[in-house]
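Here is my note on this model, as numbered points.

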Amino acid sequence: MLARLRTRFLVEPYWVTVARLFFRVPSYPGARYTARRMANLYRARLEVFRGRTRLRSRPMELSVEATNICNLECPACFTGVGENGRARSHMSLELYRKLLGEVGPYLFEIEFHNWGEPLLAKHLVPMIAEAHAAGIRTTLSTNFSFPFTAERAEALVRAGLDVLGVSIDGARQETYEQYRRGGKLETVLANCRLVRDAKRRLGSATPQLVWEYHVFAHNTEDIALAGTLARDLEMELAVVKGWVAGPEWDPERRFGYFADPAPIPCKFLWHHAVVNNDGGTAPCCGTYYREDDMGQLAASPADPGSATFQEVWNSERFQAARRFFTDRTGSDEDRAHVCFECPTTKLWERYREHVAAGGTYATFGGAHTANDTFNYFWNRRPARAAGVRRARG
């Protein structure tokens, strides 16, 4: 079988490595490892290896946009700058429960965030609690700069949230607010204390509290102070480079992004699904506009859209995106597809050409950065949004 896979992808060094890792069990602390989840894991991996476009497997991870409403105006966020990707709303419990009932038995993890502020979502606590009861690891990332209470903190802890990431990009108000525009550092830190204290009262080890420090040119000097504050709050400090619209702010690469691009098939197309608040299913976490959705999941039989998630997962648009990883050609419609010019798709194509010319995984270079990927999506606007943007300018 391995010989067949090498012929298909022309990437023997990479697939030899992948074959060794095929049976490695992934780490999802807090998840329940069931026979169904493990069987789906290996089926999904095999379908990637074989370049399948129509999948029998389900995603292993899910991003749920509990709400696309946010209270801040961060400059490198579509929501923060006022773009209109889709109507502002909260995901309904009906839609969420439909989704959880279908794919929950296969999931190891659910993230309750994307382009909105999850702790503003109407139904977040029951969403977390129901996922936790199903044995699924739960995580979310918040700006936490809004009124909160000890009662809400306890409810969050009792729901079973595994990881609470808090985006705090500075240890002083004057640095913090340069990116988290409209945010109040004092409020954020007070809310972190509420969760810390709720964990102590309830004797809970979760949620793990993570200070997500996105480092930019203006806040590098605050990192040490952030570490001191994080220890007092019983938070783990995670320092990653923030992306910006335009060229890299740190070309010397003194700081690293949360992940470096690598020549591998896109995990979102085979392993990690993203469902927006209105049921629109995105190809990945980078897209924002409904025009780039791969399909629409209907909340009820009376609603427009697909009756099941699996119908969306195997829609023509999803299958086309997966096909681009073996054959990046097609019609004008294919070329307009958000995944056609995606840096991840193009990187894989360049890698295949490199190996076909006699190169190896070890000698391959020229990978793009996370900032390049962000800018691809940032600069992609449907006609309606592009017109509004020009008018504003």
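1. Helix α5 (residues 124-133) packs against helix α6 (residues 150-159) at an angle of about 20°, and their axes are 8 Å apart. Axes here are lines fitted to C-alpha atoms, for helices over the stretch in contact, with angles from 0 to 180 degrees between N-to-C directions. The pair is therefore roughly parallel (angles under 35 degrees). Helices are DSSP runs of H or I of at least four residues, and strands are runs of E of at least two, both numbered from the N terminus.

2. On the α5 side, V125, I128, A129 and H132 make the contact, and on the α6 side A155, L156 and A159 (heavy atoms within 4.5 Å). Six of these residues are nonpolar, one is polar and none is charged. Ala, Val, Leu, Ile, Met, Phe, Trp, Tyr, Cys and Pro count as nonpolar, Asp, Glu, Lys and Arg as charged, and the others, Gly among them, as polar.

3. A word on the basis: this is a predicted model, where local features need pLDDT of at least 70 and side-chain atom pairs pLDDT 80 or more, while totals for chains, interfaces and linings use all residues. Residues are numbered from 1 along each chain as its sequence is written, and side-chain values use heavy atoms, leaving out hydrogens and water.

4. Now the sheet: nine strands form an open, mixed sheet in the order β6-β5-β4-β3-β2-β1-β7-β8-β9. Strands pair if DSSP finds at least two bridges between them. At the edges, β6 (236-241) and β9 (295-296) each pair on one side only.

5. Strands β8 (residues 280-282) and β9 run antiparallel, joined by two bridges. T281 stands opposite G295 of β9.

Notes:
Parallel < 35°, antiparallel > 145°, perpendicular 65-115°, else oblique.
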